[in-house]
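Please keep the sequence and the structure in view while I speak.

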Amino acid sequence: MPDWRKYVHEHLTLASLEGLREERIAEELALQLEDIYTEALARGLSAEEAEEWTRSQIPDWEMFSRLLSRAERKNRRPVAEIMMESSEETLRTRGRVSRLLADLLHDIRHTFRSARIRPAFWIITVLILGLGIGATTTIFSVVDGVLLKELPYHEPGKIAFFEHPAFSPPRFVDWKEQSTSFERLAGVWTTEIVCIGGDRPAEFSTGMMTPDFFEIFGARAALGRLFLPEDFAGPPTRAVLGYGTWQRLFGSDPDIIGRSITLNGIDREIVGILDPSFTSPQGLTGGETDVWLAMDPRWGALWDPGVLILAVYGRIKPELTIPAAQIELNRIIDVLAVEKPAVHADPEDGPRYVALSSLQVAMTGDTRTSLLLLLGAVILLLGIAAANVANLFLARGLDRIGEVGVRAAMGASRGRIAAQLLTESATLALSGGAFGVILAFAGVRAFEILNPGNIPLIERIAIDWRVLLFAAAISLLTGLLFGLAPALRAARLDISGMMNDSLRTGSTKDRDRLRTLLVGAEIALALILLTGAGLLFNSFTRLQAVHPGFDPDGLVGVELNINGLAYPPERRLALVQRLDQRLESLPEIAGVATGITIPFQSWGGRRRGWLRWDWKAPEREDREIWTMVHPATADYFTLLGADLRGRTFQPGDETAYPVPVIVSETFAAEICPGRDALGQTIWGYDWRPGVPETELRIIGIVSGMHAWGLDQGSEMTVFPPWEQYGPENPLASLLIKVNGDPGAVIDTIRETIWSEDPDMPLDNIYFLEQRIAESLTVPRFFSTLFIAFAVTALLLAAGGVYAAMLYSVGRRRRELSIRNALGADRSQLIRMIQKRSLAIAATGVIAGATGAWFLTRFLESMVFGITTTDPVTFVLVALLMTVVALAASFLPAWKAATHDPMEALRRE
Amino acid sequence: MFSPELKKGSVELMVLSVLKDEPRHGYDIGKLIETRSGGQIQFHITSLYPVLYRMENRGWITGRWVEKEGVRRRCYYSLTKEGARVLAGERKKWQAFTAAVNEVIGISHA
């Protein structure tokens with residue numbers, strides 16, 4: 001046993017006391033500490049724990065000594081001045097600020113002390129809060145990195161993006177000449193260009209820019225120079241390399257300036273290397289551009305309103321805003337639409353306006369909605385966690401009513417008591433927050449690993465001081481939320497209430513009401529989350545069940561690169577025909593077809609193709625139908641196993657006139673409304689230079705093709721024979737049906753193509769089946785996250801119901817026992833208790849469904865095949881919530897109903 | 001009329017009540033109050049002893065060291081005459097106070 005006598009002597013300092021008196025006090029205290037120590041050992045604590053526990057009994061010896069000294073003064077002041085709390089003493093002896101500080105420190109100590117006494121309560125609270133705060137912090141750090149953090153440019157808010165992926169050079173040049181809102185305005189055409197010279201031909205991401213592009217983003221050269229005005233004349237021949245490209249391709253050769261690089265068969269002079277700190281907007285969203293070329297926007301080859309290539313960025317003048325620039329731009333377009341209607345107006349819709357948005361908003365696009373929805377979801381989750389903890393606090397508050405009452409009786413002011421309860425909840429909340437931050441570290445990591453690949457700027461996500469500040473702020477806010485109710489209650493509490501509201505049978509009705517309200521709120525919030533998750537799950541299963549309109553089994557797509565100078569149309573035709581023959585002769589290949597694209601070559605909004613819009617229906621009336629013209633060979637439909645009515649191409653169709661075409665069922669319905677389009681003759685404009693009108697005969701109608709994503713409709717498409725129209729288009733892909741294991745065939749396919757053209761980059765070879773699965777990763781990612789949050793919410797709400805009912809029946813035990821003793825049978829009792837749970841659950845469900853009705857509309861862009869108020873989802877989810885709530889309250893009800901009445905009464 | 005200090009006197013009132021029947025030592029007093037309040041009121045050393053010494057100095061209670069065979073030496077406190085008088089007075093005041101408050105706020109006993 002430690003020497004407590006010595007311990008007391010070392011710490012106790014009683015001023016101006018007679019030695020004998022001091023000796024007696026020290027002796028008595030030492031004995032008391034011995035008692036506490038012995039008792040702690042008897043409780044099962046280890047020697048060290050017991051010693052620590054004993055020492056903690058007198059945490060502040062200085063204060064304690066002062067209290068004792070005062071008590072020894074033989075004055076007869078009113079008894080009342082003796083305070084239970086040492087901090088009350090401080091109240092008199094210290095200044096206002098240090099008094100508050102002392103109070104605070106005391107309260108925090110008190111919290112940790114009570115945490116030691118009731119570890120279960122503390123642990124559960126910290127776990128629940130940690131879960132809520134952790135989830136919220138994780139999603140916030142993603143939102144912060146993607147949506148909130150400034151882009152790495154000077155005054156990024158002044159950079160505007162022209163909302164449309166690409167514009168023609170004539171349109172851009174007109175804007176640039178007329179607009180006065182922009183300091184600088186530039187366009188860039190980012191495309192893959194073949195570079196020859198390495199082991200294998202490689203494709204470079206090349207950015208062909210008009211003047212001012214680098215200036216908008218503040219790029220600097222690490223070596224050499226950036227572009228000068230004279231570089232932007234005629235075809236693009238001057239190049240600036242990205243720093244990474246220079247390292248990778250030229251081993252950081254310092255003598256690179258002035259040498260040349262061969263792109264698409266043309267030598268371009270390297271004039272400079274970009275500084276490593278520069279990241280272009282393309283680089284921020286994933287693929288950094290490797291090579292930059294200076295391009296004259298008036299270069300004849302591209303001077304055509306139909307060439308949609310330029311992404312346009314502008315830096316707004318410092319004194320202007322984006323909305324102001326938008327107003328000016330609209331005015332300019334209004335005038336231009338009259339002056340140059342071919343460039344700036346649509347025949348029917350009038351002026352072709354363009355929306356300006358800030359670069360960051362434009363870059364984050366669809367992700368913005370999804371992420372903000374996730375943030376909303378986790379905030380709901382946090383709300384449920386807070387309600388849960390508030391309920392725990394209330395339950396404990398009832399247990400502590402005596403303690404608080406005595407404290408009040410001792411003279412602690414109401415404000416003081418409320419402050420103490422708030423400090424307690426804040427301390428707990430911050431502990432929960434600390435745990436939450438640990439969870440968030442894991443969460444962010446998981447988010448990065450699971451990222452479906454479409455979240456831009458994801459590398460900027462980090463748990464940094466901004467995120468920590470956020471975590472601290474929401475922790476305190478949560479603490480305030482769940483601590484406020486008990487604190488307010490404490491502030492209203494009075495001594496007579498304490499004395500008369502007998503602890504065991506007291507029925508403070510509004511406390512019950514508050515608890516019910518909290519549980520109801522938990523159910524409502526959980527239901528909102530569940531509804532959202534239910535809608536996403538429902539639409540995901542629908543999306544998954546969509547039939548793509550073809551059978552992807554054993555199909556391989558190969559995107560050919562035939563857009564360079566090396567491939568005039570005759571060579572394209574020759575290459576494709578030769579490849580077709582050679583591949584088909586291989587035993588592992590069952591068939592080969594060609595089209596300008598293959599289904600799922602890309603998916604979502606992006607698609608490459610050839611658009612035409614002027615048609616003449618069979619009656620020769622003009623029709624404007626935006627249609628993809630998609631040359632394909634005869635086997636294209638056979639290999640796909642497409643749902644084709646009529647026939648596919650046959651020998652002779654390669655040169656036939658009227659041109660035989662196969663059309664999508666959507667186009668057929670549009671061109672021949674109300675009757676069968678099969679066999680009809682229609683006319684298309686502008687098919688070839690000098691040919692004003694081409695006669696087309698519909699020989700087949702293909703139905704239900706979802707070539708660009710399962711969520712995309714069946715596109716308006718006209719398929720002419722590839723031999724007639726394919727080669728004039730720089731796009732071509734092979735569709736290959738393989739026998740057996742497609743994985744083994746890929747290399748054979750590559751080698752065959754390379755034996756024809758060793759310089760052909762083959763970066764886009766894929767299995768159709770795999771591509772379709774990949775196209776589902778984004779919706780799967782978001783619906784999985786939503787479901788995870790919703791399940792957590794459901795569990796928390798169930799826990800809340802369980803705890804509340806347990807408490808409620810606990811307090812009604814006497815009543816229930818008497819009923820039991822008087823002959824009520826179990827099922828009657830359970831029904832009685834369950835009726836109350838049902839009432840709470842029903843109220844929560846109704847409130848939640850109403851909330852969901854208003855909130856699910858934000859899911860609009862994420863659901864597929866159902867509305868955001870899908871009644872089936874709403875009803876199923878409401879039923880699930882009700883059943884879970886009833887199940888959660890069943891156990892307490894059953895326990896109460898089967899309780900031995902005699903024992904309950906004895907306990908009373 | 002009740003003195004505003006009245007509520008604050010309850011610690012002394014509790015100690016006096018606990019000592020009414022028999023002398024007890026400090027640890028015992030704290031424990032007893034804790035038990036009787038169903039664990040709601042916990043006296044830490046730091047709160048208890050200043051109260052005890054003050055009451056002793058006022059002459060309401062008196063401490064005496066007692067040594068018994070097989071039991072440790074302890075300081076037992078007992079009520080003085082003055083203490084008994086104070087207890088009776090304080091009790092009356094307390095009952096009157098709670099009765100009056102009950103009347104005012106009309107709490108029914110469960």
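I begin with a term: two residues are in contact if their C-beta atoms, placed from the backbone, lie within 7 Å. Please also bear in mind throughout that this is a predicted model. For the complex, the predictor gives an ipTM of 0.77 and a pTM of 0.65.

With that term in hand, let us turn to Ala526(A). Which residues does Ala526(A) contact, leaving aside its neighbours within four places in sequence? They are Ile384(A), Ala793(A), Leu794(A), Ala797(A) and Met881(A).

Ala526(A) also belongs to the largest nonpolar core, a set of 92 residues. Together with Leu381(A), Leu527(A), Leu529(A) and Ala793(A), Ala526(A) touches the most other members of that core. Where does the core come from? Among the elements of chain A that give two or more residues to it are helix H7 (119-148), helix H16 (414-450), helix H19 (509-545) and helix H26 (777-811). Helix H14 (359-399) is also one of them, and H14(A) supplies the largest share, 18 residues.

Let me now step back to chain A in general. Chain A contains 30 helices and 23 strands, and of its 908 residues, 42% are buried. If we take the contacts in chain A with a separation of 6 or more, 82% of them join residues 24 or more positions apart.

One helix deserves a careful look, namely H12 of chain A, residues 322-339. Its 18 residues reach 25 Å from the first C-alpha to the last, close to the 26 Å expected at 1.5 Å a residue. Which residues of H12(A) are buried? The answer is Ile322(A), Ala325(A), Leu329(A), Ile333(A) and Leu336(A). Viewed down the axis of H12(A), these buried residues fall within an arc of 75°, and therefore they line one face of the helix. The other side of H12(A) carries the exposed residues Pro323(A), Arg331(A) and Val338(A).

Glu72(A) sits in helix H4 (residues 61-72) of chain A. Is Glu72(A) buried or exposed? The cut-off for a buried residue is 20 or more other C-beta atoms within 10 Å of its own. Glu72(A) has 20 such atoms within 10 Å, so Glu72(A) is buried. In sequence, Glu72(A) and Arg21(A) are 51 residues apart, while in space their C-alpha atoms are 9.5 Å apart.

Residues 24 or more positions apart account for 45% of the contacts in chain B with a separation of 6 or more.

Finally, a word on confidence in chain B. The mean pLDDT of the chain is 75, and 72% of its residues reach 70 or more. Over residues 1-7 of chain B the pLDDT stays under 50, and the model has 8 contacts beyond four places in sequence for this stretch. Residues 106-110 of chain B are also below 50, with 7 contacts in the model beyond near neighbours in sequence. Where pLDDT is low, the predicted coordinates should not be read in detail.

Terms used. Residues numbered from 1 in each chain as written. Chains lettered and ligands numbered in written order. Predicted model: local features only at pLDDT ≥ 70, side-chain atom pairs only at ≥ 80, totals over all residues. pLDDT = per-residue confidence, 0-100. Helix = DSSP H or I, 4+ residues; strand = E, 2+ residues; numbered from the N terminus. Buried ≥ 20, exposed ≤ 12 C-beta atoms within 10 Å, placed from the backbone. Expected span 1.5 Å × (residues − 1). Arc of directions from axis to C-beta. Core = buried A, V, L, I, M, F, W, Y, C linked by C-beta atoms within 7 Å.
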